[in-house]
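Please look through the model shown here with its charged side chains in mind, and then with its backbone and surface.

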Amino acid sequence: MQHDEVIWQVIRHKHCSFMSKISTGIFCRNPYNVTGICNRSSCPLANSRYATIRDHDGVFYLYMKTIERAHKPNDLWERVKLPRNYEKALEVIGKHLMYWPKLLVHKIKQRLTKMTQMRIRMRKLALKTREKIMTTPRKEKKREARREEKAEKAAVLDKTIEKELLARLENGIYDGIYNLPFNKFIETLDTDELQAEDENEEESEVEYVEGNFELEEEDDIEDMGMKNYHISNDEVADDDDEEEEVNAVKVRRRSKSEKDEPGKKLKKKPRIHVEVEHENGAERQKATF
Amino acid sequence: MGGKRKKGESEGMEGDNDSKNNNKKMKQKSEILPSSVKNKEKRSAVHAKLKHQKKVEKRKKLKARDAAEKRALELGEEPAPKQIPRTIENAREADETVCMPDDEELFAGNDADEFSSILKRDRTPKILITTCRFNSTRGPSFISELLSVIPNAHYNKRGTYDLKKIVEYANNKEFTSIIVVHTNRREPDALLIIGLPDGPTAHFKLSSLVLRKDIKNHGNPTSHMPELVLNNFTTRLGHRIGRLIQSLFPQDPNFRGRRVVTFHNQRDFIFFRHHRYVFETKESKQSDSKGKKAKDAKGESIAKEKVVARLQECGPRFTLKLVSLQHGTFDTKGGEYEWVHKPEMDTSRRRFFL
C-alpha cells in the first residue's frame with residue numbers, strides 16, 4: 001500500500017505515459033485498465049492487487065495481479081480463460097475474486113457485460129455486407145477522363161449512327177416502311193397504274209444466305225410485321241465467309257421493282273409485304289477504324 | 001527537318017570554318033537547336049522561325065500532292081493512292097481474342113451462354129432497376145430516364161436489403177436482369193448489370209452523364225420498341241458484353257417507331273446514345289470540281305438525290321467503362337471473375353480489351 005501511494009503520487013503529478021487528457025476527462029491508455037479512466041482506484045500501476053478482463057480473438061480472459069508477484073514482472077499477470085456463457089463467466093469471476101474489494105469486482109463484472117454486448121454486435125455486423133470504399137489515385141482518374149474525351153472525339157457518334165442507319169436502309173431491313181428516294185417512288189407509282197398486277201405480286205426468291213456470326217440464330221419467322229434486329233459489328237468485313245457460315249438464314253428478297261421504294265414514311269402504302277427476315281449483316285460491315 | 005544535334009557539336013562545327021565547305025556550314029547553322037540558346041528573346045525568335053519553316057514545308061508538300069492528284073485525274077491516270085493517317089484504332093495492338101467470323105467455337109459458346117434464352121426470344125426481358133443504399137440528387141432523375149429508355153423496366157427502392165437477397169427476390173419474380181445504379185458524391189457513377197437467373201455480373205463505371213433536360217433540342221421518346229445498335233464489340237469479351245446489353249432489350253424492334261438506342265464502343269469506352277431518326281432526301285448539286293462523277297456530268301449540274309438520316313437526340317447520354325465481369329450472380333467474395341481491370345493494363349495506349 002505504501003508502495004502504491006508513492007507510485008500514484010509520482011505518476012499522477014509528474015508524468016504517466018498512459019494518461020491522455022481530453023476535453024471530457026482524463027483517460028488511461030493502459031490495456032490492463034478496467035474502466036479506462038485515470039483514477040487512483042483504476043490505475044493498474046498504482047494498485048498492487050488488480051484484475052481486468054481482456055479480449056483475445058473473441059475469447060475473454062480474466063487477468064489478476066497480486067502483490068506477492070510484484071517483484072516478478074514476467075509472471076505478474078495470472079490469466080484465466082472465461083467461458084463463453086455470460087452467467088458462467090460471472091460465476092467464475094466471483095469464484096476467483098471472492099475476497100477481493102467489492103468495488104473492483106463490480107467494475108470487472110460491468111466490463112464483462114460491456115464486452116459481451118460488443119462481441120455480439122461485432123459478430124452480427126460481420127454477417128451483414130457493408131460497402132467497402134476503394135480509392136482511385138487522382139492520376140488514374142485524370143487519365144481516364146482524358147482518354148474518354150479523346151475516344152469520344154474519335155468516335156464521331158452522330159455520323160456513325162447515321163451511317164449505320166443508312167446501311168440498314170440499304171440492306172432492306174426497313175423495306176416497306178420507307179420509300180426513298182421520293183421521286184422515284186412517284187415514278188413507280190405512275191408505272192404502277194399501268195401495270196397493276198406485276199408489282200402487286202410478291203416475287204420472292206428464297207435465298208439461303210449465311211448470316212453474320214454476330215447475329216443470333218433465329219428460327220424462320222415469316223409472320224408479317226415480325227422484324228428482327230441485329231448487331232452491327234464494324235470490324236468484320238468478310239463477305240466471302242458468308243457461304244461457310246454455320247448460321248443459315250432464310251432471307252426473302254423483294255423483287256426489283258419493289259426495291260425501288262425504300263422511302264419516306266407514307267401513311268398508306270400500296271402493298272404491304274414486309275416479310276423481312278433475318279438478314280445477314282455481313283455485307284454492310286465496314287471497318288470504321 | 002534537320003536532325004537534332006548536340007549543342008557542343010554544333011558549336012564546334014561553327015568554329016571550324018575552314019574544314020567544311022560553305023553548304024554544309026550553312027546547313028549546320030540553320031540547325032541550331034532553340035534549347036541551346038540562352039537568351040530568351042533570341043531563343044523564342046529561333047523557335048518561331050523553326051516552326052514557320054516547318055509549316056511552310058508542310059504546306060508546300062500538301063500543294064504538291066494536290067497538284068499531282070489533279071494532274072493525274074486530268075490525264076485520266078490513276079492518282080497516287082491516298083495516304084491513310086495513322087490512328088490509334090489503326091495501330092491497335094493485335095489481340096488474339098478478336099472474334100473471327102467463322103468461329104464455330106463462338107457459335108457454340110453463344111448457344112450455351114446465359115443470354116441465349118433471351119436472345120432466342122424464349123423469355124422477354126424484364127428489368128429491375130434499383131439503387132445503392134444512399135440515394136442522391138441526380139440519381140432519381142437518371143433512373144426515371146432509364147425507365148423510359150429500356151422497355152419493360154421496373155424500379156424498386158433499395159431499402160437496406162442485401163444485394164444477394166435482391167437477386168433472390170428478382171429470381172422469384174422472374175426478372176431477367178437487375179440494374180443497380182450506384183452513386184458517389186451525389187452523382188451516379190457506377191452501373192451493375194446482373195443477368196438472371198445465374199447470369200454474369202458486369203460492373204461498369206459511369207461517367208459524363210447528361211440528362212435529357214440538359215440536352216439542347218431534345219426529343220421525347222415514344223414507347224415503341226427501340227432498335228439496337230452495338231458497334232465495335234470485337235473481342236470475345238466485347239462480344240459477351242454486347243450480348244449482355246442486347247439481352248436487356250426486347251428482340252422485336254418496332255421499325256416504325258424510328259427509335260434507336262446505340263452502344264458504341266470506342267477504345268474500351270461504351271458510349272450510350274438514344275435517338276429518334278428520320279430518313280430524308282437531300283438534293284445536292286454536283287459541282288465540277290468535286291470527285292470523279294464530275295467527269296460524267298460535265299456542264300450539267302445534276303440534282304442528285306441523297307438519302308440522309310437525321311437524328312434527334314432524346315434520352316440520357318452517358319459513357320460506360322467495364323471494370324469487372326464476374327461469372328455468376330453478384331458475389332464479390334466467392335465469385336469467379338472472368339475479367340478484372342487492373343491498372344497495369346493501362347500502360348499501353350494502343351491496347352484495348354473490348
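This is a predicted model: local features need pLDDT of at least 70, side-chain atom pairs count only at pLDDT 80 or more; totals for chains, interfaces and linings use all residues.

A salt bridge is here a side-chain nitrogen of Lys or Arg within 4 Å of a carboxyl oxygen of Asp or Glu.

The structure holds 17 salt bridges over all chains, and one of them, between A:Arg143 and B:Asp346, has an N to O distance of 3.3 Å. Because A:Arg143 lies in helix H4 of chain A and B:Asp346 in the segment after strand E11 of chain B, this pair joins two chains. A:Arg143 is partly exposed at 21% relative accessibility, while B:Asp346 is buried at 8%.

Within chain B, the side chains of B:Asp113 and B:Arg243 meet in a salt bridge at 3.1 Å, N to O. B:Asp113 sits in the loop between helices H4 and H5 and B:Arg243 in helix H8, so the pair ties together parts that are 130 residues apart in sequence. B:Asp113 is buried, with 13% relative accessible area, and B:Arg243 is buried with 4%.

Turning to the backbone, most residues other than glycine have a negative phi. B:Asn232, in the loop between strand E6 and helix H8 of chain B, has a positive phi of about 75 degrees and is buried at 7%. B:Arg258, in the loop between H8 and strand E7, likewise has a positive phi, near 55 degrees.

On the surface, A:Ile22, A:Phe27 and A:Ile37 form a nonpolar patch with about 250 Å² of accessible area together.

Notes
Residues are numbered from 1 along each chain as its sequence is written. Chains are lettered from A and ligands numbered from 1 in the order in which they are written. Side-chain values use heavy atoms; hydrogens and water are left out. Helices (H or I, at least four residues) and strands (E, at least two) are DSSP runs, numbered from the N terminus. Buried means under 20% relative accessible area, exposed over 50%, partly exposed in between (1.4 Å probe, protein chains only). Patches are made of residues with over 30% relative accessible area and no salt bridge: like charges are joined within 9 Å, nonpolar side chains (Val, Leu, Ile, Met, Phe, Trp, Tyr) within 5 Å. Accessible areas come from the Shrake-Rupley method with a 1.4 Å probe; for residues, only the protein chains shown count as cover.
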